[in-house]
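Have the sequence and the 3D view handy.

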Amino acid sequence: MKKQERQRYIKRLLSSKEIERQEDFVSLLRAENIDVTQATISRDIKDMQLVKVPSATGGYHYSMPVQKKMDTEKKLKRTLKDAYVSYATQDKLVLIKVLPGNGPALASLVEAMHYDHVFGTLGDDSTVLIICKSLDATLELQQTLQRLLSDN
């Protein structure tokens, strides 16, 4: 498995579980038939700049760096503010129209946010197609977009 793919799995695990030790990553990934070593996980943690944050139950667990996500959300808001034209939804699809040249950047920013409800994105020069995981996920993304567009 490629590093990028493995790190995507790690991000998904972090969004659904509180992982306290590197060995927990190894066990969880092996349960998904992804063969990794603790040393590989250690390099991924460093590369992804994961941090340990306090758990509600005491102790600490791994998390994505908060600042990075905030910076990405700021960039996403700014790109939407500067380039947004319109959006429409149909079933699990959300189509966002933006000014020419902004589609690829917006698609990358949506991907970088790692929204649980987004399956994937496609971006061309002035359009971004976001594929959601379910109809409920489409509604959730629609609410997120409205919030991002209305924030000052």
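Before we get going, a word on element names: helices (H or I, at least four residues) and strands (E, at least two) are DSSP runs, numbered from the N terminus. Keep in mind, too, that this is a predicted model.

## The annotated domain

Let's start with the record. UniProt, in an unreviewed entry, puts the feature "domain: Arginine repressor C-terminal" at residues 80-146. In the model, that span is 39% helix and 37% strand, and its end C-alpha atoms sit 10 Å apart.

## The sheet

Next up is an open sheet of 4 strands, ordered β3-β4-β6-β5 and paired antiparallel. The edge positions go to β3 (84-90) and β5 (118-123). Each of those two has a single partner strand, so one side of each is left without a neighbour in the sheet. On average, neighbouring strands are turned by 15° against each other, ignoring direction.

Zooming in on one pairing, β3 and β4 (residues 93-98) run antiparallel and are joined by 6 bridges. One example: Ser 86 has Lys 97 in β4 as its bridge partner.

## Helices on the sheet

Two helices to look at here. Helix α5 (residues 103-112) packs on the sheet and touches β4, β5 and β6 (127-132); the direction of α5 makes about 165° with that of β5.

Helix α6 (residues 135-150) also packs on the sheet, touching β3, β4, β5 and β6. For α6, the angle is given against β3, and it comes to about 165°.

## A closer look at Thr 72

Thr 72 belongs to helix α4 (residues 66-83). Is Thr 72 buried or exposed? Its relative accessible area is 11%, so Thr 72 counts as buried, the cut-off being under 20%.

Which residues is Thr 72 in contact with, leaving aside its neighbours within four places in sequence? The answer is Leu 109, Ala 112 and Met 113.

## The largest pocket

Finally, the largest pocket holds about 1,000 Å³ of space. It is lined by 30 residues, and the closest to its centre are Lys 11, Glu 111, Ala 112, Met 113 and His 114.

Where does the lining come from? At least two residues each are supplied by α1 (3-16), α3 (38-48), β2 (60-63), α4, α5 and β5. The largest share comes from α1, with 9 residues.

How values were computed:
Residues are numbered from 1 along each chain as its sequence is written. This is a predicted model: local features need pLDDT of at least 70, side-chain atom pairs count only at pLDDT 80 or more; totals for chains, interfaces and linings use all residues. Side-chain values use heavy atoms; hydrogens and water are left out. UniProt positions are given in the numbering used here, feature names are shortened, and annotations may be inferred rather than shown by experiment. Buried means under 20% relative accessible area, exposed over 50%, partly exposed in between (1.4 Å probe, protein chains only). Contact means heavy atoms within 4.5 Å. Two strands pair if DSSP finds at least two bridges between them. Axes are lines fitted to C-alpha atoms, for helices over the stretch in contact, and angles run from 0 to 180 degrees between N-to-C directions. On a 1 Å grid over the protein atoms alone, a cavity is a set of points where a 1.4 Å probe fits but cannot get out, and a pocket is an open set with protein on both sides within 12 Å along at least five of seven lines; lining residues have an atom within 4 Å of a point. Grid points are joined across faces, edges and corners, and a volume is the space filled by probe spheres set on the points.
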